[in-house]
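Subject: Structure for your review

Dear colleague,

Please find the sequence and structure below. A short account of what was found in them follows.

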Amino acid sequence: MTAAGICGTGSAPAGLNGKPVNGRGGPDTRIPLAVISRWAEGNYVDHTHQSSVVRFIEDNWLDGQRIGGGSFDATAGSIMGMFDFDRRGHEDRKLFLDPETGLAVDKAPKV
């Protein structure tokens, strides 16, 4: 912060009705993201900076339309590198965990 409501230099991003969004300190809070999905890329760490889950939702279910309102999603990186939607065999792959240890096991444990 360089002054009340001002972060560094440059102009504020456009918000609702084209008015600037003041007091924004940057695009995100830099929180690590773990993807748990049958489509997740196995044994992989994505190093894309400032990627956005909201951008992923916008790209997949809003046909790339951005929510706007000062959102940084238009300039955020994609999390698509964390997924492999082309790999076959996901439908048959199951993960079973031992309820006592949490470790992966070959077959469903008896409950």
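Among contacts in the protein between residues at least 6 apart in sequence, 51% join residues at least 24 apart. Please note that this is a predicted model.

The secondary structure consists of 1 helix and 2 strands, and from the N terminus on these elements follow the order α-β-β. Of the 111 residues in the protein, 16% are buried. The accessible surface amounts to about 8,900 Å², and carbon and sulfur atoms account for 55% of that surface.

Asn 43 is not a glycine, yet its phi is positive, at about 50°. Is this residue, Asn 43, buried or exposed? With a relative accessible area of 89%, Asn 43 is exposed, because the cut-off for that class is over 50%.

The other entry is Asp 63, found in the loop between H1 and strand E1 (96-97). Asp 63 also has a positive phi, near 50°, in a residue other than glycine. Its relative accessibility is 74%, so Asp 63 likewise counts as exposed.

With kind regards

Technical notes. Residues are numbered from 1 along each chain as its sequence is written. This is a predicted model: local features need pLDDT of at least 70, side-chain atom pairs count only at pLDDT 80 or more; totals for chains, interfaces and linings use all residues. Side-chain values use heavy atoms; hydrogens and water are left out. Helices (H or I, at least four residues) and strands (E, at least two) are DSSP runs, numbered from the N terminus. Buried means under 20% relative accessible area, exposed over 50%, partly exposed in between (1.4 Å probe, protein chains only). Contact means heavy atoms within 4.5 Å. Accessible areas come from the Shrake-Rupley method with a 1.4 Å probe; for residues, only the protein chains shown count as cover.
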